[in-house]
Amino acid sequence: MQYWLMKSEPGDVSIDDALAASGGIVPWVGVRNYQARNFMRDAMQVGDGVLFYHSSCAEPGIAGLAEVASTSYPDPTQWDTHSKYFDVKATRENPRWMMVDVHALKKINIIGLPALRSHPELADMVVLKRGNRLSITPVTATEWRHITQHLIASR
């Protein structure tokens, strides 16, 4: 089992939106970074843990827990000329962008970057690295345990 931090702008998909979706499952569309795409395509497995992170908002931070609910498959927004995620170079024969479905499990009180930074055990988290802008980053098992057992359990 692996663990991931997946960022979403709440205006696109929030933890509340995900929990309200049919079965609590939402498609993770719109990833347009090759490294993040490769994580979904090559590394994510059904059942992997997800820290659902709200970004580009008034209070960014971990907003919930989720799990990967599907293997990767082509993101249909790459072919939709009306989508902000349209990619003129993507073809159905050779899709450039992949996605997974995410199953929201639980909403939590936001755990922001200052709270994460205050725990030395989390100092190496990718999301805390200077200049990191990836929408999907790996989380180690140790980081996952610390967050779920100490930060979430204590709230």
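**Strand pairing**

I started in β7, where A104 is the bridge partner of A66. This is a predicted model, so I kept in mind that local features need pLDDT of at least 70 and side-chain atom pairs count only at pLDDT 80 or more, while totals for chains, interfaces and linings use all residues. Residues are numbered from 1 along each chain as its sequence is written, and side-chain values use heavy atoms, with hydrogens and water left out.

I noted that β4 and strand β7 (residues 101-111) run antiparallel and are joined by six bridges. Strands here are DSSP runs of E, at least two residues, and helices are runs of H or I, at least four, numbered from the N terminus. Two strands pair if DSSP finds at least two bridges between them.

Next I checked β3 (residues 49-54), which is antiparallel to β4 and joined to it by six bridges. Y53 sits opposite I62 of β4. The β3-β4 hairpin has six residues between the strands, and S56 there has a positive phi near 50 degrees.

Is β4 enclosed or open? Largely enclosed by the rest of the structure, because seven of the eight residues of β4 (residues 61-68) are buried. Buried means under 20% relative accessible area, exposed over 50%, partly exposed in between (1.4 Å probe, protein chains only).

**Helix α2**

I listed the buried residues of α2 (residues 34-43): A36, R37, F39, M40 and A43. Their cover includes β1, β6 (98-99) and β8 (136-139). At the N-terminal end, N33 is the cap, with a side-chain oxygen 2.9 Å from the backbone nitrogen of Q35.

**D75**

I found D75 in the loop between β5 (73-74) and β6. It counts as buried, at 0% relative accessibility. Its side chain makes a polar contact of 2.6 Å with that of T77 and one of 3.2 Å with that of R32. A polar contact is a pair of N or O atoms within 3.5 Å; within protein, one must be able to donate a hydrogen and the other to accept it, and residues adjacent in sequence count only if both atoms are side-chain atoms. Leaving aside neighbours within four places in sequence, I get contacts (heavy atoms within 4.5 Å) from D75 to V29, G30, V31, R32, W97, M98 and M99.
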